[in-house]
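Subject: Structure handover

Hello,

Here is the structure, with its sequence. My notes on what was found in it follow below.

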Amino acid sequence: MASRINTSFTLIPNQKYRRSNRRSNSYFSDTLGSESQPLSTLGNFKALPLEIFQIILRYLSVKDISMLSMVSKTVSQHIINYISTSSGSKRLLLQDFHNLELPSKRQDSAILEHYRSLGLLFKRCTLLLPTRERLKYIHRILAEVSCFKFNGCAAPIQCLGLPCYGMFLQTLTAGWDELECHRVYNFLCELTDLSRKMQTVVCSKPGSARKLELRIRLFCRSVLLDHWIHQSDSAFWLTRILKPWPMVNQARLLYIIFGPISPQDGQVVWQKMIEEPTDESSLKGLADAIKLLYDTGTKEWTADDVISLIDELSVVPREWLLENNARLLILSGNNICFTFMASKAVNGRAIELAKLIVFLALVCEKELYCMDWAVKMMQKVCKVFSTPVERNNFLQSVANAFACVIMEMLQSVMSGDRDDDDRSFLNLFHLVHAQANFHKEVLYLTMNPLST
């Protein structure tokens, strides 16, 4: 059954705010269409015909025009009129998103910096308008740029359109309060039909709408998430994306937006976590997103919410290999790792927890992390158990889990195909060494207090 979207938290009350009453909509319409404006605030520019004023603007940089727009309302209105002309929009709305003959970070940053400056120009020119009217006007100007649209570009992976659009919006909305940013997100959702598109992918079989998954990933990352400097801003926009949905769909969206992708076509790889152990690069995006929600301290995400999200994520699209679970927890940081493990201890899932300890040790061995970290994490989790009997049973479960996983890997080596045999044997080799180093650290921990 299709999940229903909970949009109650983003609904904006139909309340008129003081800021929105500074200039009426009709006044804005008159401003855009008027030919004759009071010239008393134009200063020395009042002697110039409008055509000459616009010619002068052609020789100014976007930053200079942005500064000029703050001189007076009348100057700002003339600049708005210039932006609305075909020559003004052609000059300001650069569209060479694909014409980078020698792609480089320097060229990429140049066009991104242009749209950062353009965002500041629009921010200043529309300063006195209600948020809704600002967005409508800006949309009318930007509508001619096809690469800014959700489905507007035929080659979105090689296109800088959405990153430039995101840089523009980030600059435009920087410093806005949450209510205004809610309005921006709602406006974008209406404009792109984003909620319906998300509904399609979260309610379909993973991978059945690959192109749509890719479009959603690129739009969310490039337009809404990637350009923010402060983590609290990134967390706000990620929360807007996830919170309308049930937890199971939040996990699916998180995987679509931050999960591993194919290097060939950029599409989401759904089987990577369930078929074989993966590397750090495939999990870093997911781990960073989880840390973002956990560490920013927003009221909309409790520790239990984040732990539940990790639980749901670990079965997308089916149950992950435990080694990949362990690697995600390590990358997510000590606090999240401990909270996740403590939750299992409190809920009586000691056997699952013991097996997870084994794979934490295996990842530490493979990646050359300090094994004493895994031992100290186990020691910390032991304190969660309320009685000595529960702690002793858990430690026995850890020992049994090592033996059980080693036997499973040994059977895999003995019964596997030749191609799989080397990988299975190498995994077994790492696990045996992990067990030895793990127990060595346990002995150190036990003997050191005696020696002192």
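In which helix is the place of E312? E312 sits in helix α16, residues 303–313. More on that residue further down.

Some ground rules before the rest. This is a predicted model, in which local features need pLDDT of at least 70 and side-chain atom pairs count only at pLDDT 80 or more, while totals for chains, interfaces and linings use all residues. Residues are numbered from 1 along each chain as its sequence is written, and side-chain values use heavy atoms, with hydrogens and water left out.

**Overall picture**

The chain has 22 helices and zero strands. Helices (H or I, at least four residues) and strands (E, at least two) are DSSP runs, numbered from the N terminus. There are 452 residues, and 47% of them count as buried. Buried means under 20% relative accessible area, exposed means over 50%, and partly exposed is in between (1.4 Å probe, protein chains only). The accessible surface comes to about 23200 Å², with 54% of it belonging to carbon and sulfur atoms. Accessible areas come from the Shrake-Rupley method with a 1.4 Å probe; for residues, only the protein chains shown count as cover. Among contacts between residues at least 6 apart in sequence, 73% join residues at least 24 apart. Contact means heavy atoms within 4.5 Å.

E312 is partly exposed, at 28% relative accessible area. Not counting residues up to four places away in sequence, E312 touches M247, V248 and A251. M247 is 65 residues from E312 along the chain, yet their C-alpha atoms are separated by 7.2 Å.

R391 is found in helix α21. R391 is partly exposed, at 28% relative accessibility. Leaving aside neighbours within four places in sequence, R391 is in contact with C382, F385 and S386. The C-alpha atoms of R391 and V381 are separated by 9.2 Å, with the two residues ten apart along the chain.

Helix α12 covers residues 231–242. Its twelve residues should span 16 Å at 1.5 Å a residue, and its end C-alpha atoms are 16 Å apart, which agrees. The expected span is 1.5 Å times one less than the number of residues. Nine of the twelve residues are buried, so α12 is largely enclosed by the rest of the structure. Those buried residues are S234, A235, F236, W237, L238, T239, R240, I241 and L242. What covers them includes α9 (178–192), α10 (194–202), α11 (210–225), α13 (247–258) and α15 (280–295).

Helix α20 covers residues 371–382. Its twelve residues should span 16 Å, and the end C-alpha atoms are 17 Å apart, which agrees. Its buried residues are M371, A374, V375, M377, M378, V381 and C382. Seen down the axis, they fall within an arc of 160 degrees, so they line one face of α20. The arc is that of the directions from the helix axis to the C-beta atoms. An α-helix has 3.6 residues a turn, so residues three or four places apart point the same way.

**Salt bridges**

A search of the whole structure finds 16 salt bridges. A salt bridge is a side-chain nitrogen of Lys or Arg within 4 Å of a carboxyl oxygen of Asp or Glu. Some of them:

- E113 pairs with K63, with the closest N and O atoms 4.0 Å apart. E113 lies in helix α6 (residues 105–125) and K63 in helix α3 (residues 62–68), so the pair ties together parts 50 residues apart in sequence. E113 is partly exposed, at 32%.
- K355 pairs with E408, with the closest N and O atoms 4.0 Å apart. This pair links helix α19 (residues 350–367) to helix α21 (residues 388–415), with K355 and E408 53 residues apart.
- E352 pairs with K344, with the closest N and O atoms 3.1 Å apart. K344 is buried, at 8%, whereas E352 is partly exposed, at 41%.
- E323, R327, K366 and E367 are linked in a network of salt bridges.

**Surface patch**

L48, I52, I55, I56 and Y59 form a nonpolar patch on the surface, with about 450 Å² of accessible area together. Patches are made of residues with over 30% relative accessible area and no salt bridge: like charges are joined within 9 Å, nonpolar side chains (Val, Leu, Ile, Met, Phe, Trp, Tyr) within 5 Å. I52 is in helix α2, residues 50–58, and is partly exposed at 35%.

Best wishes
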